[in-house]
Amino acid sequence: MKALLQHMKLFGLLVIVLLSCVDSHAQQENETVEEGFMGPYSITAWGQHRSNTLDHTLGNLLLRGGFIDRELVDAARLSQGSDMGTFGASAGAIWKWRSNRKWKDTEARICGSFQARALVDARWTPELFELVFKGNAGHLGRFDVLDGSRLRATAWATAAVGLEGRNKNRLELGLVYRRAQLQGQIHTGYFLVNADTDTLYASMRADAGYDARGGVGLALNGEWHFIREEAPFAFHVQIKNWGWVVVPGGGGRYALDTLIETTGLAWDGPGWSLETLQEPGFGEDFLSIDTAGVSVQRLPSRMDVAVEYPLSPRSGMDVALHVGEWMPLPRVMLGYRRAIGQQWQIGVQGVIGGWGRLRPAGWVRWRVPEKHAFMLFLEDPWGWGSSSAFGRGLTLRFEAL
Amino acid sequence: MKSHRTSRTLGVQLFGLCLAVFLTWVGCNRQPTSWEVDLALPLVDDLLDWSDVFADSIFITETGMPAVLAFNGSISDWTIDALTQLPDTIVSEDLSPDFVGGPFQVPPGTVLLDVQEDIDFQGIEQEFKYIRLESGRIAYSVESSTNGYVEIHYGFPSVTIGSQQVDLDVLLPPSESGEVQSETGIIDLAGAEIDLTGISGAEINRIASTLTIGTPAYMPDTAQVFGSDSIRVRMHFQDLVVRQVSGYFGQELLDLDVDQPVFDPDIFLGGFIGLEPTKAMLAFHNTIGADLKLTVDALAVDGVALSHSQFGVPQMISRADWQGESMEPSIWELNLLETSPSVFELLGYLPESISVLGNAEMNPLGDVSGGNDFFDTHVSPEIHLDLEWPLQTTIENLRLNQVLEIAAISLPQFDGDVIVTVTNGFPVDLGLDMIWNFDDPSFAPVEVVGVVSAFDVDEGSASWEYRIPMDTEALYGGSRLDVTGSMSTEGEVVFSGLERMRIQVRIEGTYLVEIE
């Protein structure tokens, strides 16, 4: 709660800064004058998934079922190399709007957004992947390190209002309802069966949990765009879902902490033996089950930073950096854009980081001036036709200008 | 303006259509996901040594060439219920006025009853003077119908717990007309020491007590007593279990009937072990402070009676010498090497039990101690065995059996082997006969027969490995592994006592992981 209060104070300070930046003088904007409250808006929907290990064939089998051939597993293992395996998925939709009416005597306008998002993040060590999908027989005598493997998923919705100023700079405070979240993590874990198959060592310290009831909280969304005619570039910063939720508790919490080093179990007797292993209740000594209390948890927030540099009046370069939102690595996008005719724009990009390795992306935008615009963004276009790609992404945006 | 709004509506519809197509595309049709996993795990690692052969941890192996299997300890305790359990006793006092009508005024500080009397424990045939209790309690209840405060003091000057006298003090408030005031409770007597010589100090089986009933001097209340009023006190001595007792125990006749299990027939299926101990003394330790006349009538091995010169002959065993808490027992010994036929020859055939029959008479000469017999239940009379057996022996077709129940294991599409490895540290060839019986009768039992070579000093331990093909259906139904080991020697073999046999089981194979 203390963090939440600090968050509120910071938000208040940022509102003051934003309002002070709003030019109180008349702004020379060439826009349609409308009578209604609602001004321009946009609706964006997206879905994407990405992995550095699981290609489409293997991912489809895991998601939709079927038999996973060993060749697929070997290929995935080869792709992962010595890196941490990753898989991420993100989907959602957002409606952003602003009013036509100005806020008091300023040029600022009331703005807002409504968004619903779902996020999945999974990571695993190469040894865990091998242990799960190939078994231990192929690498007897090797320590399998499982540390840091984890899975988490969440879904939430935010309704936010704020103020939009010059250059579409905006700051919103949103009410968040996080419907669900689950997570599991292996803090430390090792597994070994020696070459003669007569010694087993296994240790595990892990926890998992889920929220039984939805949490409510506050989040901050902000955008700042540096656009100057005299400057040879544009600079954009966005902060999304920077906030916390208060979770009322009641969900399950599981903690496992055990170690076994054995050359095999005894037939019977106390402790680890075949007799006790087959008794009901075995495992209760090292698996603790609890119920979560009230907690304050941070949302998977994200910050985007982008720079656009025009090469000519109809073309330019752009670089973007995305950090957060559970991505194991920052995602970097480097692109080239070009206008075609009066209403079309296209762009190509190279994307690296996030949950995957280097992949291409492309987009096209059709804009009817002062009316509307459509934008289609495809991440890894080969992913729409190739079964060996490691993910794909689609973003659709409609803008009412 | 109209065309502007129309284009917006069209845009929203187009976007909605695209979104619907997208959601339809991502819709999935879930089937079970499965893949094959190669497994190699150790399951069992167990050691068998001489302590497992004799299935009794009280055997001590003195290693050497040959090792000596030795045992020196109690094989049977003797409990004497007549000395350790006292009958429950109830004591009641009922105080009623010897007049009709009333009321009579009873001022504060008036004593209505003040008596000293012995509580007599009925039903005890012995003449106890002192007991120390292991456990027990007094359940009391007091009642009064008097319209005034009643103070009751029940003292037991001969009952102490930790040097503190046991007393009961109760104050009952005035009773309304027709009602009875009462109080009940428990006094724990665990650890209590009780002098049973009564008020005079010369009685037996009696507890001295004092009972005082009156009105409390410190309460300014005048009791109204009617002729119909009454005051009742009830003391119930319950579940008294004796730790120590002294007195004269009488000429109690005690039966000696010991049936000692030796070899479990489920484990020891048969065979012969040449047992030739160098020492085998069976002793009776008299720890009671009272003389005993012991008569051993018979010793039998699995029903086969043995003869011995001392069987049927009464043996006078004098009382133990108790000095405070220390004690020196009187011992009577019987040399088991002198039985006919030899008890160890019979033991070599792995009998289930040995039985001893006889009796003992306490104080055969009467009260020679002047009522000073003594018994401590923590130090009971016992039958003691002192045995030493050099492990240099002949073994003929000794067969040992062990059964392992294996619960149902779900390993879908398992295709592999269960590998059994036996490492023999005994200098004797080990015959193995393993039968894997499955609960599902449609699976035929798997039988494996083999021989694990004897341990050789130069070549070390010999191992024997056998792979048993196994599949999902066989594991799923549950099973029972029946292992029988057999040994035979050619003549006498010397054992060091360090011999071990290691049994390892591991599983190797491929199975199908399936996630719904």
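Helix H4 (residues 126-133) of chain A has its buried residues covered by, among others, H3, strand S3 (85-102), strand S4 (109-124) and strand S5 (144-145) of chain A, together with strand S1 (33-48) of chain B. Here, contact means C-beta atoms, placed from the backbone, within 7 Å of each other. This is a predicted model, where local features need pLDDT of at least 70, side-chain atom pairs count only at pLDDT 80 or more, and totals for chains, interfaces and linings use all residues. Residues are numbered from 1 along each chain as its sequence is written, while chains are lettered from A and ligands numbered from 1 in the order in which they are written.

**Helices of chain A**

- In H4(A), the buried residues are A:Glu127, A:Leu128, A:Phe129, A:Glu130 and A:Phe133; buried means 20 or more other C-beta atoms within 10 Å of a residue's own, exposed means 12 or fewer, and partly exposed is in between, with C-beta atoms placed from the backbone.
- Helix H2 (residues 56-64) of chain A buries A:His56, A:Leu58 and A:Gly59.
- Those buried residues line one face of H2(A), because they fall within an arc of 165° seen down its axis; the arc is that of the directions from the helix axis to the C-beta atoms.
- They pack against strand S1 (38-51), strand S2 (66-68) and helix H3 (70-80) of chain A.
- A:Gly65 follows H2(A) and has a positive phi, near 100°.
- Helices (H or I, at least four residues) and strands (E, at least two) are DSSP runs, numbered from the N terminus.

**Strand pairing in chain A**

- S1(A) and S3(A) pair antiparallel over 12 bridges; pairing takes at least two DSSP bridges between two strands.
- A:Gln48 has A:Ser90 in S3(A) as its bridge partner.
- S3(A) also runs antiparallel to S4(A), joined by 15 bridges, and A:Ile94 stands opposite A:Gln115 in S4(A).

**Chain B**

- Chain B has five helices and 35 strands, and 28% of its 516 residues count as buried.
- For contacts in chain B with a separation of 6 or more, 85% come from residues 24 or more positions apart.
- An open sheet of five strands runs S16-S28-S33-S30-S31 (chain B), with antiparallel pairing.
- Its edge strands, each pairing on one side only, are strand S16 (268-273) and strand S31 (446-452) of chain B.
- S16(B) pairs antiparallel with strand S28 (residues 395-406) of chain B over four bridges, and B:Phe268 has B:Leu400 in S28(B) as its bridge partner.

Conventions
Two residues are in contact if their C-beta atoms, placed from the backbone, lie within 7 Å.
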